[in-house]
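This report is meant for a reader new to the structure. Please look over the sequence and the model first.

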Amino acid sequence: MAENFGILFQWLIFLGVAFVSIVASLLVITRKNPIHSALFMVLTLLCVAVLYVLLHSPFIAIIQVIVYAGAIVMLIVFVIMLLDLETELRSKLKIVYSKVIGGFLAVLFLFGILYTVVAKFPTGQTGSYTPEKMATNVKAVGEALFTDYVFPFEIAAILLTVAIIGAVILSKKRT
Amino acid sequence: MQVVYLLIETIVKCVVVFACLMLSVAYLTWLERKVLGHIQIRFGPNRCGPFGLLQPFSDGIKAFFKEDLVPGNADKAVFVIAPMISIIAAISMFAVIPFGNQFTIPGTDWVVKLRIADIDIGLLYVFGIASLGEFGIVLGGWSSGNKYGLTGSLRAAAQMISYEVALGLSIVGVIILSQSLRLTEIVTLQAGGFWNWNILYQPAAFVFFIICALAEINRTPFDMPESESELACGFNIEYSSMKFALFFMAEYAHMITVAAVAVTLFLGGWQAPLPQLDFIPGVFWFGAKVFVLIFFFIWQRGTFPRLRYDQIMKFGWKVLFELTLVNIFITALVVLLKG
């Protein structure tokens, strides 16, 4: 009885969260006010985090919240606040081309996702770092990052450093 | 039946923690005004009840019956949601804090652990929720449709992002020492007397953590988003009645939570300072340590003036960030050399 109760509970959470995340992501692209869009993006990201928890991956879930919902969307909100929203809202700028291209791309990606979900792909070989090990164990993630994947890790670090230096130089006043 | 018992236990713990937290918040406002009053050689609240002890309740009733104003050019939905985000984040951070050891209910073999959730990534959970709580302040200022509010929230966003970096780095030393992100394990490793507490192994990290935490909860000398003298209360300038009270409560709840995290990471959590004193329940020690830290927070508010905005940003990026990095390197080096 206890197990059934747990499974029922998980299903209820899954359905609720999945529904909310879809509705919120629709609202992200339909709201006029960019701040509202950003907020619904936070909601979507939180729902995805809950889905990760349901998949027994709390580490990924909390990283999702810290990095995306906390830091990145906060930066987006910060930039939007610095802009003058009122002129943006008053000028009834219609962007037709981007809507057509964006819609086309969205449909393309939807089919891509459906194809990968429906068609069966080979799962590949399992190494020493199984998904189960990586999901809950922060130590395993760190070990994998600093042994097998140290080269991509360092490359990403250099790229980010270059980007930061570039941003500083570009925003510097020319004297 | 096991599930039902577990559910009842969790609900009881949630209710008790929530009630204690709210009561502490109420009396923290009283304590702060009283202590600040004595620091400034005045009495502080002393009209409601003996020593002004009923002051929090009279404040609450006043806030409840005040007119609830929403400014004309405010973003109404966000304006209402912002204080809720603040208070929900402040309270839910407490879910992973271990505030005591476990005990067995007499007559049964049901063990009650004195923490609501004991999760693998407890420390990261605290940081995740804290980063969400910032939205409350930032959105509150923006949605008021007021330029002082907007300035306050811009400052809040920049300051919190900057100090979150140093805050995250300052605790890495503790994580290296305890090899775990589970708060219960971090506390258990500090058992057996005050000489095992992390503060003795990571004194610099403790200082950095306290400084960054003060910036994160927007207290003097880092209360830039509010700064009454230049921004006229900043992000909460347009808030009145219960919405203002929610922001106010969130600020104090944040203070308690930050003190609780500092106690858990550096001051041995619920552990007694001497092994001989173990017979006193852990909840008492936890409360006492949290009280000491909170008293320090109030004390330094009465001591330090507010810094300038550019000084705060400079200090965060050019001093704290480097020092926390150096602390990590030294800690890692020592751990490596000791094997």
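## What covers helix H9 of chain B

In this predicted model, the cover over the buried residues of H9(B) includes helix H4 (122-143), helix H5 (147-170), helix H6 (172-178), helix H8 (198-201), helix H11 (241-266) and helix H13 (309-338) of chain B. H9(B) is largely enclosed by the rest of the structure, because 10 of its 14 residues are buried. The buried residues are Ala205(B), Phe206(B), Phe208(B), Phe209(B), Ile211(B), Cys212(B), Ala213(B), Leu214(B), Ala215(B) and Glu216(B).

## The helix itself

H9(B) runs over residues 203-216. From its first C-alpha to its last it reaches 20 Å, close to the 20 Å expected at 1.5 Å a residue. After the helix comes Asn218(B), which has a positive phi, near 60°.

## The nonpolar core

The largest nonpolar core contains 105 residues. Cys212(B), Ile256(B), Ala259(B) and Ala262(B) have the most contacts inside this core. H11(B) gives the most to the core, with 17 residues.

Cys212(B) is also one of the buried residues of H9(B). Apart from neighbours within four places in sequence, Cys212(B) is in contact with Tyr163(B), Ala166(B), Leu167(B), Ser170(B) and Leu320(B).

## Where the chains meet

The contact takes 17 residues from chain A and 21 residues from chain B. On the side of chain A that touches chain B, helix H1 (2-30) and helix H3 (58-82) of chain A each supply at least two residues. H3(A) gives the most to that side, with 12 residues. By class, this side of chain A has 15 nonpolar, 2 polar and no charged residues.

Key: Residues numbered from 1 in each chain as written. Chains lettered and ligands numbered in written order. Predicted model: local features only at pLDDT ≥ 70, side-chain atom pairs only at ≥ 80, totals over all residues. Helix = DSSP H or I, 4+ residues; strand = E, 2+ residues; numbered from the N terminus. Expected span 1.5 Å × (residues − 1). Buried ≥ 20, exposed ≤ 12 C-beta atoms within 10 Å, placed from the backbone. Contact = placed C-beta atoms within 7 Å. Nonpolar A, V, L, I, M, F, W, Y, C, P; charged D, E, K, R; others polar. Core = buried A, V, L, I, M, F, W, Y, C linked by C-beta atoms within 7 Å.
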